[in-house]
Amino acid sequence: MIILSVHNVSKSFGGIKAVDNVTFKVEKGEIVGLIGPNGAGKTTLINLISGFYKPDSGKITFNGLDITKKQPYERAKLGISRTFQNPRLVPNMTALLNVAYAVLGRDDAKKMSLYEAVAEAIYYLDLVGLLQKRDILAKDLPLYELRLLELARALALRPKLLLIDEAMAGLNPGEAEKIRKLIINIKEQLDLTIIWIEHVLRLLMKTVDRILVMHYGKLIAEGTPREVAENPLVIEAYTGKRIAA
Ligand SMILES: Nc1ncnc2c1ncn2[C@@H]1O[C@H](COP(=O)(O)OP(=O)(O)O)[C@@H](O)[C@H]1O
Ligand SMILES: [Mg+2]
């Protein structure tokens, strides 16, 4: 079953085609890696799927529903949630209240008491392994724990499709591996579909079902991690060197 379909989607900023006529589909339950050199258009694509930007042209459907013109909150309500490259948390709020705040922002939470929201937030903090840090202010958490909290915040929106923008950047290899395992576990437990941007290709390669490769706004390759790693266009994009055919 197709959960997400991106069809001929483009987005320019001034003269730059950040996303250039991109088409792909994602099956329910897949983990899809999204890679490409800096400036390739990965974050812009995530912004187009989550609704932070509207495409100049093209169409995006989610569970068969045309969401191209829907606002971010409408897409969140349908089950699209994302993490940010730079975690978007309230610095002066505790870890627990940051997640409770996300719960309360949900459309179905209008009649929820703070007590109920906190109880649910505890569940998500526990899921990412941050329960012990619940009373620490977000601004006092180290980067690794901020990334976990950012993940808990995104999960608190109860997504069906989770878009992850660089959960591992700036972390040491041990932390990156812990996040990788956590994301696999969470995917199974919460029955998620995931699109995952990451620069740590080695870790991404052994985790995802399929990889999409962007370069200068275009989707230049798509396939299993092995197929993509052997694709001359991809090697060229990463090394900047032409590979003899
Ligand atoms: N809001 C914006 N305004 C102007 N240019 C942007 C904006 N967002 C992205 N871009 C440009 O679009 C291109 C793709 O950026 P981005 O999607 O952030 O790439 P990636 O995430 O793959 O590094 C870059 O050239 C970037 O400078
Ligand atoms: Mg980016």
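In this predicted model, β2 (16-27) and α1 (42-50) each supply at least two residues of the shell around ligand 1. The protein is assigned two stretches of sequence as domain 1 (2-79 + 159-239), while domain 2 spans 92-156.

**Shell around ligand 1**
- The largest contribution to the shell around ligand 1 comes from α1, with three residues.
- Around ligand 1 lie F13, I16, A18, G36, N38, G39, A40, G41, K42, T43 and T44.
- By class, the shell around ligand 1 holds four nonpolar, six polar and one charged residue.

**Domains**
- A distance of 25 Å separates the C-alpha centres of domain 1 and domain 2.
- Domain 1 puts 11 residues into the contact, and domain 2 puts in nine residues.
- On the side of domain 1 that touches domain 2, helix α6 (residues 173-190) gives the most, with five residues.
- That side of domain 1 consists of eight nonpolar, one polar and two charged residues.

**Helices α3 and α5**
- Helix α3 (residues 95-104) packs with helix α5 (residues 143-155) at an angle of about 25 degrees, and their axes are 8 Å apart.
- Angles under 35 degrees count as roughly parallel, and α3 and α5 are therefore roughly parallel to each other.
- The two helices, α3 and α5, cross in a right-handed sense.
- From α3, the contact uses A95, N98, V99 and A102, and from α5 it uses L149, A152 and R153.
- Five nonpolar, one polar and one charged residue make up the contact of α3 with α5.

Methods: Residues are numbered from 1 along each chain as its sequence is written. Chains are lettered from A and ligands numbered from 1 in the order in which they are written. This is a predicted model: local features need pLDDT of at least 70, side-chain atom pairs count only at pLDDT 80 or more; totals for chains, interfaces and linings use all residues. A residue is near a molecule or strand if its C-beta atom, placed from the backbone, lies within 6 Å of it. Helices (H or I, at least four residues) and strands (E, at least two) are DSSP runs, numbered from the N terminus. Ala, Val, Leu, Ile, Met, Phe, Trp, Tyr, Cys and Pro count as nonpolar, Asp, Glu, Lys and Arg as charged, and the others, Gly among them, as polar. Domain bounds come from an automatic or database domain assignment. Two residues are in contact if their C-beta atoms, placed from the backbone, lie within 7 Å. Axes are lines fitted to C-alpha atoms, for helices over the stretch in contact, and angles run from 0 to 180 degrees between N-to-C directions. Angles under 35 degrees count as roughly parallel, over 145 as roughly antiparallel, 65 to 115 as roughly perpendicular and the rest as oblique. A crossing is left-handed if the near helix is turned anticlockwise from the far one by less than a right angle, and right-handed if clockwise.
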